[in-house]
Each structure stands twice: as C-alpha cells, then as structure tokens.
Amino acid sequence: MGMTMVEKIIAAHADKQKVSPGDILLAEVDMVLGNDITSPVAIEEFKKIGISEVFDPGRVILVPDHFTPNKDINSAQQAKILRSFAREQELEYYFEIGEMGIEHCLLPEQGLALPGEIIIGADSHTCTYGALGALGTGVGSTDMAAAMATGKAWFRVPPTIKFVYSGSLQPWVGAKDLILYTIGDIGVDGALYKSMEFTGEVIDNLSMDGRMTMSNMAIEAGGKCGLIKPDEKTQNYLKNRAIRDYTPLYSDEDAEYEKEIRYDVGKIEPQISFPHLPENTHPLSEAEGLEIDQAVIGSCTNGRIEDLRKAAEVMAGNKVRDSVRCLVFPGTQKIYQQALQEGVIETLIEAGAAVSTPTCGPCLGGHMGILAAGERAVSTTNRNFVGRMGHKESEVYLSSPAVAAAAAVKGYLVHPEEVVK
Amino acid sequence: MKLSGKVFKYGDNVDTDVIIPARFLNTSDPEKLAEHCLEDLDPEFTDRVTEGDIIVGGKNFGSGSSREHAPLAIKAAGISCVIAESFARIFYRNSINIGLPILESPEASRSIEEGQKIEVDLQEGIIKNLDGGQEYKSEKFPPFMRDIIQSGGLIEYVKREQLGRH
Ligand code: SF4
C-alpha cells in the first residue's frame, strides 16, 4: 500500500520509511514562521526554555503584518519585540515595513515555501503553502517557541480526503468560488484533523495564484493542510525564487484515501459565503441585490496580482458607488509594484478605491477598515465570523475579487457580467 | 487529578474570534486577555465565571485562527477544563501545549446543561454530572500527549528533553 503526499512528507522528516494516519511523532521542520500577534508570546516562551539561540537563524521567519504599520502603542510594542529578537538572533528572514507583505503572500514569493518541505507557522493560514506541495500547517505560539529551540514539532499523521475537480469553469468563476463551494459542501469541520488534497484537471489548469487561494482556505474546513501536486507550473514559479534545492513528493497511485469527493465545476456559479460561517455558501444569484457599505479586496486569500487584475478588469471605466468604501490591499510590496507597473493600481484609484500598503488590516478587524454596528461588507478574505471585521453586529460576506469589485461599483451584490458589458 | 465546577454551555463552532476578538490582541498578557474572554458571545461570562468552572461546547470548538491567546484567555479567566464534541486542530494543540485540560466527548457535550455542576477525572477521562448523576467517558490521551500534559506543557517538556540530552 502506497502513501499520500502528506504521509510521505512527514515520513521524510521523521526519518521513517512508512507512517500511517493516527501515528504521533516528532518531525524536523524546514521553516518556522510567526507574525506580530503570535511571535511575542512565542519569544517569551522560547526564553523560558533556557536556550540562547534559535536552532537555525536561516530557518526562522518573522513577518510583522497584522497590526502594522503599527496601529497603536501596544501594537508598536509587540512589533518591537519581533524586531529586537530578529536582530539579536541575526535572523535572515525578518521583513521590515517597506519590504514586507502579508506572510502567506510573501513566503511563496520569496521562495521560502518549497515542495516536499514542512513549514509550521503560528498562523492558521500557513496551509497556503500546500499550493506548492509543501506541508504548511498552522500551530500556536508555544509550538513555534519549541520549534525555534529544537527545529522539531509533534505531528499526528492525518488521513487524507481527495478532492477531484473536473469540467470547465463558467466565466467569472475561479479558485475562490471553488474553495467556497467545497467548504459549503463539506462544512467547517468537514476536514477536521485531515489533509485535503486538491486534484483534477481544473486544479492543473489553475495559476499558482489561484492554487494558493484554494490551499489558503483548507483551514476553513478544519483541515491540517490543503495540498496540490507540484508540477511544471510550480517549478517555473520557483525557478528564480527558491532559496535552496528541494525534493517534491507525490501521492502514490495506490495511496489510501479516507474519501474521494468529485465535483463537476461546470455548474458552479460565483459563490458567496453568508455570515457568520464560511460554510454558509450560496450561489451569487441567491444574494443578488444585497446592499453593502464596504468592499475589501486583498488578504492572504486574494491579495495577489491576478486578484488585483480581476478587480481592475471589473472596475475599469466604472466608479465606486457613493454609498460604498472600497479598500484594496495588495499582498506584498512586489505585488503592489507590479500592479503599479501594469496600470492596475491606477485603474482602481480612478474608480475610487482606496489602495493601501500591504497589511492584514481589516481582514481580522485589526485596523484600516473596521465596520460599525449594522454595517455590511463584501470581502475577498477568508472568515466571516461574528465581529471578525469590527462590531459584533456587523456582517461580512465572502466572495471572489471580481464579485467584490462588482459590488463596489453597484453598491449591492451583483454578477460581474452585469458590470462588465 | 479531579476537577469540578459549574458549566458554561455553548453551541457548535465557537471560534477564536469570539473567544478573544482581534481588537484585544495588541497585548499577550493573559490577565488582560481574560477580561475580554467570550465577550462577543456571552457578555456576562467574565462577570459570572468563578475559579474552576468548566466550559462545555459543541462541535469544532476553537475554530479559526491560531491565536494561543484564545486558550490563554480561557485559562486565565479561571476555567479549569473545556469539554466539547470536537475541537479545531490548532486549538487542540495549543490547549495541550499550554496545559489547559480539554476532553472530547460527544455524549457529555450533548447532555450536560448550562449551570450544572460536573466533575472531571482527567486521568481516567471520566466526566460525572453531579446534578444529573450520569457518567460519560472520553477518549484517553495518547501517551505522547499525556507526557506533555504531565510535564506541565510543551515548554517544560522541551526543557526536560533538552536537559536529558546533555
Ligand atoms: S490576511 Fe487575514 S487571514 Fe491572512 S494572515 Fe492576515 S489576518 Fe490572517
């Protein structure tokens, strides 16, 4: 009996020939990641261990992205803890304002997330790196602390659910719609403790940006990771980025899956996830006409160049409706720059969108776009929990960039084809 | 070790954003976090909770972000144990790593009601409803995790292992 990708990756890092779902073991990690919310706790815990240096200064990555540029004095203090630690430990990968980005857009772009590797991050959306065939998985601050000290973490080998997507996508339907649809189908605990493997011709045809959008939201179904087989596209993407050589690992033909779920994507419309759970997914046609106060385009789910291009395509020659605030957050400085060079930013600004430096900002109700009581946002982010973007009586509807842009123009949820005629 | 306390009962998918909203995450001081614990879900929680009380949740407790501030806030608020039908993965790890006892028991999660007094035997994984008399069993921890819990959390565990190696 063969092994699935996740089993192979864990086995390779635990010095084992074979592992099976349910096994609990200690494995080496290739990269350890933290941000300005989770790292201060981790650094404090790290100091308690009584070791003076991290296991490898080239394998600890710190990204201040949540409350930065510092939103208030407390946040400034937290960010300072990161900066001091990075200097003191001489960390190779600390990203200061000006070169930073939202961590899960930044790591792949910098070639820090590689096929076959294990990246643990004290951030739940570390699963994004599954798009590159890496076992990226979210952990807490204490795990991060222990891994900074030892280079290891404990894992329970997860069973795998295989998702197979076939057919051809309708116009204006993309990766975000596929993942929202999937979560709507299996539920927010549909892949609890499990590895999700996204396969099929539709996934093969997705761009790297699209694949990252899919893997990013595996956690919203409870998944440990959302893996996609590395292929030629992955290799091309990594060509001038990868910081070291890597060994891709693939599921065996006779690997054992817990379940296989097949979707014919041809009948999938643009999707909207209603408050207050990502699984409350509906086809856009059931939400049409719903008025919004704010449209947010960005985040680690949809803040990549392709996402910004889509938004600009919809907004070109249109104006953001008076009743709407439209906020755009490019994922990294590089993405921002590329969008500038391509004229994408100009199009968005001309339409009346406010474009920000990269930050998590409103995605987690942090800053730069908080909702008041009774306000409603459409957002390309990944969570619509109670109070996620501000007041506990505000609402977040999740969508793709094209749908969010269309809503910004019309003031209500509407199919992008109604705006781009 | 036996724990006992009165129950705060919540439903499915209690997420980390309601356990401790991001607007309070500009600090990592557990006491400060505890002041806002569960504020958006149950505004009276922090006033009513007393040392040793127990939270009983439904499915997928602790879903959402990786913020360890969530179990830290619960622990600092005085909660001695969380019982749920199931836990979100990262919350589960975090709780074990910081030494907040958690137990999975679908039966207990379904039957125990708000305000009841219950007793939990962590060693045996037995939950007793002192008001209703029923007993529920939960899955025992695998040895590796029991080791971490018995060490008093992951940091203590790592310390011990590191020292052992010298
Ligand atoms: S963009 Fe949102 S989901 Fe992504 S890392 Fe930042 S806060 Fe988390």
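**Rings and charges in a predicted model**

Trainee: Quick one. F87(B): buried or exposed?

Mentor: F87(B) counts as buried, at 0% relative accessibility. Buried means under 20% relative accessible area, exposed over 50%, partly exposed in between, with a 1.4 Å probe and protein chains only.

Trainee: What am I looking at, and how is it numbered?

Mentor: This is a predicted model, so local features need pLDDT of at least 70, side-chain atom pairs count only at pLDDT 80 or more, and totals for chains, interfaces and linings use all residues. Residues are numbered from 1 along each chain as its sequence is written, chains are lettered from A and ligands numbered from 1 in the order in which they are written, and side-chain values use heavy atoms, without hydrogens and water.

Trainee: How many aromatic pairs are there over all chains?

Mentor: The count is 15. Rings of Phe, Tyr and Trp (its six-membered ring) pair if their centres lie within 6.5 Å; planes under 30 degrees apart are stacked, over 60 edge-to-face, the rest tilted.

Trainee: Which ring pairs with F87(B)?

Mentor: F61(B) does, edge-to-face, at 6.0 Å centre to centre and 75° between the planes. F61(B) lies in the loop between β2 (54-56) and α4 (69-76) of chain B, and F87(B) in the loop between β3 (81-84) and α5 (89-98), so the pair ties together parts that are 26 residues apart in sequence. Helices (H or I, at least four residues) and strands (E, at least two) are DSSP runs, numbered from the N terminus. F61(B) is buried too, at 0% relative accessibility.

Trainee: Which rings cluster in chain A?

Mentor: F163(A), Y165(A), Y181(A), F198(A) and Y263(A), linked by ring pairs.

Trainee: What sits over the ring of Y193(A)?

Mentor: The charged end of R156(A), 5.1 Å from the ring centre. The rule: NZ of Lys or CZ of Arg within 6 Å of the ring centre and within 35 degrees of the ring normal. R241(A) lies over the face of Y237(A), at 4.0 Å from the ring centre.

Trainee: Switching topic. How many salt bridges over all chains?

Mentor: The search finds 28. Each is a side-chain nitrogen of Lys or Arg within 4 Å of a carboxyl oxygen of Asp or Glu.

Trainee: What does R383(A) bridge to?

Mentor: E220(A), with the closest N and O atoms 2.5 Å apart. The pair links distant parts of the chain, 163 residues apart. R383(A) is buried at 1% relative accessibility. E220(A) is buried at 4%.
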